[in-house]
Amino acid sequence: MTPADVTTAIGYVRVSTREQGDNGHGLDAQEKAIRDAAERKGWRLLAIERDVISTRRKSRPGLEAAMAQAKDAGGVLLAAKASRIARSTVELIGLHDQAG
């Protein structure tokens, strides 16, 4: 594999409650899954952004930062589960369109 073949990735983790964020267990497991997936695929993981916030809130600064970094790096957004990024297919499609 040449350096040009290596995909860059930005990870994103999210938990829905402050308690989950405070104990870190959900975030730690998601981060491990992201690191493991990037390693298996031979991707270079540049950063992992996080939100400790309900998906019902419109603003998710960690997701916005992760999407911007992935776009700037010409890479991919990597999450442990699709539900960490969006709760519905419609929302996921909207984010995809927004990423352009």
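A salt bridge here is a side-chain nitrogen of Lys or Arg within 4 Å of a carboxyl oxygen of Asp or Glu. The model is predicted, so local features need pLDDT of at least 70 and side-chain atom pairs count only at pLDDT 80 or more, while totals for chains, interfaces and linings use all residues. Residues are numbered from 1 along each chain as its sequence is written, and side-chain values use heavy atoms, with hydrogens and water left out.

Side chains of opposite charge can pair when their charged atoms come close. Searching the whole structure turns up 3 salt bridges. Glutamate 31 pairs with arginine 35, with 3.8 Å between the closest N and O atoms. Both residues sit in helix α2 (residues 25-41), 4 residues apart, or about one turn of the helix. Helices (H or I, at least four residues) and strands (E, at least two) are DSSP runs, numbered from the N terminus.

Glutamate 31 also forms a salt bridge with arginine 50, and here the closest N and O atoms are 2.3 Å apart. This pair ties together distant parts of the chain: glutamate 31 belongs to helix α2, arginine 50 to strand β2 (residues 44-52), and 19 residues separate the two. The side chains of glutamate 31 and arginine 50 are likewise joined by a polar contact of 2.3 Å. A polar contact is a pair of N or O atoms within 3.5 Å; within protein, one must be able to donate a hydrogen and the other to accept it, and residues adjacent in sequence count only if both atoms are side-chain atoms. Put together, Glu31, Arg35 and Arg50 are linked in a network of salt bridges.

Glutamate 31 comes out buried, at a relative accessible area of 14%. Leaving aside residues up to four places away in sequence, glutamate 31 touches Val13, Ile48 and Arg50, where contact means heavy atoms within 4.5 Å.

The remaining pair is aspartate 36 with lysine 32, whose closest N and O atoms are 2.7 Å apart. Both residues lie in helix α2, again 4 residues apart, about one turn of the helix. Aspartate 36 counts as partly exposed, at 29% relative accessibility.

Technical notes:
Buried < 20%, exposed > 50% of the residue type's maximum accessible area, 1.4 Å probe, protein only.
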